[in-house]
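Hello,

Here is the structure I promised to hand over. Please have it open while you read the notes below.

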Amino acid sequence: MMQAIHFKLNGKPVNLRVDGERRLLWILRTDLGVTGPKYGCGEGLCGGCTVLVNEAAVLSCQTPVKDVKGAEIITIEGLAKNGKLHPLQQAFIQHDALQCGFCTPGMILKAHSLLAENPEPTRDEIIQAMDENLCRCGSHVRIVQAIQTAAKQMKGGKQG
Amino acid sequence: MRKEEYAKPSRSLTTSSSEVSRREFLKRIGLLGGGIVIYVSFGDISSRAQQLTDFNAFLRIGADGRVTCFSGKIEMGQGVLTSLAQMLADQLGVPLKSVDMVMGDTSLCPWDMGTFGSRSTKYFGATLRHAAAEARAVLIQMAAERLHVPPQRLTVKDGQVIDSQNTDKKVTYAQLTRGKRIERHLTQRTSIKPAFPHTVSGKATGKTDARQMVTGEARYAGDIRVPGMLYAKILRPPVHGATLKRIDSENAKKVNGVKVIQDSDLIAVLHKYPDEAQKALDKVHAEWEIPEPKVDNRNIFKHLTASAPPRQTVTQSGDIEKGKRLAAKTFESIYFNQYVAHAPMEPHTAGVHIEGKRATVWASTQTPFWAQKEVARTLGFASSDVRVITPFVGGGFGGKTRNQQVIEAAQLARLSGRPVQVAWTRKEEFFYDTFRPAAVIKLRSGLDRDHRIVYWDYDNYFAGARSSQPFYDIAHHRVSSRGGWMDGGDQAHPFRVGAWRGPGSNTNVFAMESQIDIMAEAAGMDPLAFRLANLTDKRMRKVLSAAAVKFGHRFAKTPSRKGFGIACTDYQGTYVATMAEVKVDEKTGYVRVERVVCAHDMGEVINPLGARLQIEGCITMGLGYVLREEIRFKGGNILDENFDTYELPRFSWLPKIETVLIDNPAMPPQGCGEPAITPMGAVIANAVYDAIGVRIFELPMTPERIKKAIIKG
Ligand code: FES
Ligand code: FES
């Protein structure tokens with residue numbers, strides 16, 4: 001059923017008239033042209049489509065767009081502030097925590113929600129939190145290191 | 001440095017003949033305003049130019065002093081974008097950030113066979129260094145004339161030519177090239193004076209495209225948008241080999257905004273939103289005739305051995321019968337591995353935009369020039385009127401070489417008259433994967449009384465021959481191969497197979513290095529000592545010793561109950577030794593890999609950070625095919641459709657990974673994207689044996705297989 005849907009995407013208001021059952025992933029990627037969230041499986045099994053909805057990591061391929069009415073959505077494109085990279089983005093670069101980069105947006109946003117909940121995660125907690133996010137290139141070792149580095153940085157008050 | 005993006009369809013392609021005019025070509029590569037261009041016509045013969053030009057590499061120094069490398073290779077996560085730029089920057093004496101890489105664009109880059117087999121640095125990189133050395137010589141000559149200084153006195157640094165006796169006397173590359181057009185064509189290798197000391201190569205360098213990846217700016221084929229583009233979803237058979245009997249698409253046609261296309265076997269639903277196209281496709285009712293399944297996971301090995309072509313000798317030496325007679329102890333084993341999927345995180349995707357008699361294609365591919373040819377054939381265009389652009393590629397691993405999705409997008413763009421994107425679903429990605437072939441290795445070997453390997457008879461069914469040449473000192477050996485992944489092995493399989501990261505080698509090293517451990521135990525020796533006792537190859541000895549030092553534990557005769565494993569290989573010139581530590585839960589059969597140490601001798605190391613990243617990736621990815629990954633199938637029916645049943649390695653599997661890079665600058669750089677994945681089967685199988693005294697002969701070593709083997713004893 002077509003309905004009016006409003007939300008905030010990377011700080012900007014969005015007004016849509018769409019079928020509310022459509023998945024957020026496709027609304028973002030095609031209707032809105034925001035291609036950071038990636039399709040990897042379509043069934044909630046890979047984490048490639050992860051976005052932040054009110055700070056929490058959400059699988060956009062599983063989320064009907066009607067569920068995000070009024071929400072604040074952040075995609076990878078919205079993480080840097082005024083050209084300044086978020087500490088997680090910095091740390092992923094610093095540690096070379098990526099190869100093909102296809103899983104990277106989902107990884108960073110998932111880590112973002114982890115750090116929002118638990119600013120000082122142990123290695124095991126990082127591994128547990130990230131376990132549903134798949135990376136075929138095998139960048140895992142460095143992703144864990146990058147999250148540890150970012151956590152330290154953020155604690156240092158550099159940027160939240 | 002940045003990855004140049006030519007995402008917009010080019011308006012500058014004005015020729016419609018099959019030959020691109022010279023002027024047109026110079027315009028394309030931005031040389032009309034002046035600059036230096038160096039063409040190279042030697043190097044990797046596989047990349048020999050075949051159509052547009054007679055060179056296979058070139059670089060341009062523009063009037064702005066920026067250096068651009070045009071390469072038909074592609075970047076898919078393996079890091080060549082960075083390492084090639086490093087090699088170029090070094091040889092040319094410019095900072096890394098003034099190098100631009102244009103890769104995998106068929107309109108701009110010289111023809112290339114494709115990106116696979118860890119060849120990019122080894123072959124293309126070497127060619128590129130020659131081009132850079134020539135460019136440097138040209139620049140020095142120009143500077144000598146301009147500064148009135150003999151060329152011997154000039155050095156290059158940071159994009160300038162400098163008089164070594166008076167450093168105030170200098171001129172930038174940009175000043176030298178402005179307004180001039182200089183073209184050089186290298187047809188022979190010259191002895192390149194190495195640009196020592198290396199200042200850029202050899203330094204750990206983060207991926208230069210990382211920033212685009214962490215900000216979401218990196219565009220993959222599915223992220224390219226063209227006005228008016230439609231997304232296509234294609235009707236697929238339920239199993240390989242099925243034939244369509246009846247189709248009813250009336251309900252799909254009723255969906256708002258949908259275009260249904262039917263062209264003999266190609267039935268697709270197009271819509272401006274991919275999810276809507278999928279919904280409409282689900283309304284298509286199709287009836288299929290499904291062939292009776294003949295093979296499945298259980299009887300596949302029997303089937304393969306029965307349908308194999310005759311033995312082809314890969315290598316042999318001595319007299320196999322004599323070797324057999326010399327043997328005091330003989331060993332006979334059969335090794336198996338199941339089909340494995342590539343499963344890159346980015347499924348096959350392509351967009352095609354036809355304008356008049358020209359087409360622009362954005363493809364997730366390892367073989368853009370083959371894609372160009374296929375599209376040209378599909379559309380009846382000249383190849384030069386088809387431009388294939390390879391944007392960022394979300395992983396390939398050998399699986400993105402056949403371009404089926406590109407051909408589909410081209411057909412649908414032609415039939416619909418609109419730009420079309422085809423992006424496979426994960427289910428399609430599993431269905432059409434060109435799997436790593438299931439394979440069988442029959443291996444007989446023997447030891448003499450002095451515990452020397454005297455006999456080795458290796459019969460390989462369908463794995464492919466790569467890495468199967470023994471590097472131990474074995475006087476009498478015979479290695480053969482039947483129906484590899486390249487040479488017609490396809491027919492025996494119920495679906496398509498192909499190259500998979502380290503093709504052939506994963507299976508071969510599993511069998512070879514498991515067998516070595518079996519013999520070590522029989523010789524009463526620890527597996528490291530046994531290897532060294534049968535090995536004179538100095539490089540391999542060194543790699544093994546380096547790994548052992550890092551590993552830090554002493555090996556003992558197996559099974560020592562400690563869970564230590566070892567395996568080594570020569571992968572196309574890169575030497576690898578891997579050691580691992582595992583724990584096995586004997587009740588559940590579950591293997592936990594605690595630690596992996598990997599030593600690598602890949603010749604000169606261009607980018608140590610990139611190399612380590614590749615090795616870590618190989619080890620992590622390798623755990624998948626070793627412990628879990630196998631395609632379940634019944635005839636042409638692929639039962640795994642997504643990551644719920646087909647399990648990839650996850651964070652929770654992570655062992656501690658340590659890498660050792662052996663400094664070997666005297667040897668030209670070898671490949672590094674694949675070698676370290678190939679010993680993973682043997683190193684884990686050997687460690688499992690060391691832990692519990694049970695030998696596993698089949699990959700993957702799932703908990704069920706291990707439990708079964710334990711019960712069998
Ligand atoms: S695409 Fe959403 S979890 Fe994989
Ligand atoms: S970097 Fe390629 S999938 Fe993670």
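R436(B) lies over the face of W500(B), 5.0 Å from the ring centre. R436(B) also lies over the face of Y625(B), at 4.1 Å from the ring centre. A charge counts as over a ring if NZ of Lys or CZ of Arg is within 6 Å of the ring centre and within 35 degrees of the ring normal.

This is a predicted model, in which local features need pLDDT of at least 70, side-chain atom pairs need pLDDT 80 or more, and totals for chains, interfaces and linings use all residues. Residues are numbered from 1 along each chain as its sequence is written, chains are lettered from A and ligands numbered from 1 in the order written, and side-chain values use heavy atoms, without hydrogens and water.

Now the aromatic pairs. Rings of Phe, Tyr and Trp (its six-membered ring) pair if their centres lie within 6.5 Å; planes under 30 degrees apart are stacked, over 60 edge-to-face, the rest tilted.

W111(B) and W370(B) pair edge-to-face, 6.0 Å centre to centre, with 75° between the planes. They sit 259 residues apart: W111(B) in the loop between β5 and α3, W370(B) in helix α10. Helices (H or I, at least four residues) and strands (E, at least two) are DSSP runs, numbered from the N terminus. W111(B) counts as buried because its relative accessibility is 10%. W370(B) is partly exposed at 34%. The cut-offs for relative accessible area are under 20% for buried, over 50% for exposed, and in between for partly exposed (1.4 Å probe, protein chains only).

F495(B) and F633(B) are also edge-to-face, at 5.2 Å and 85°. Both are buried.

Best wishes
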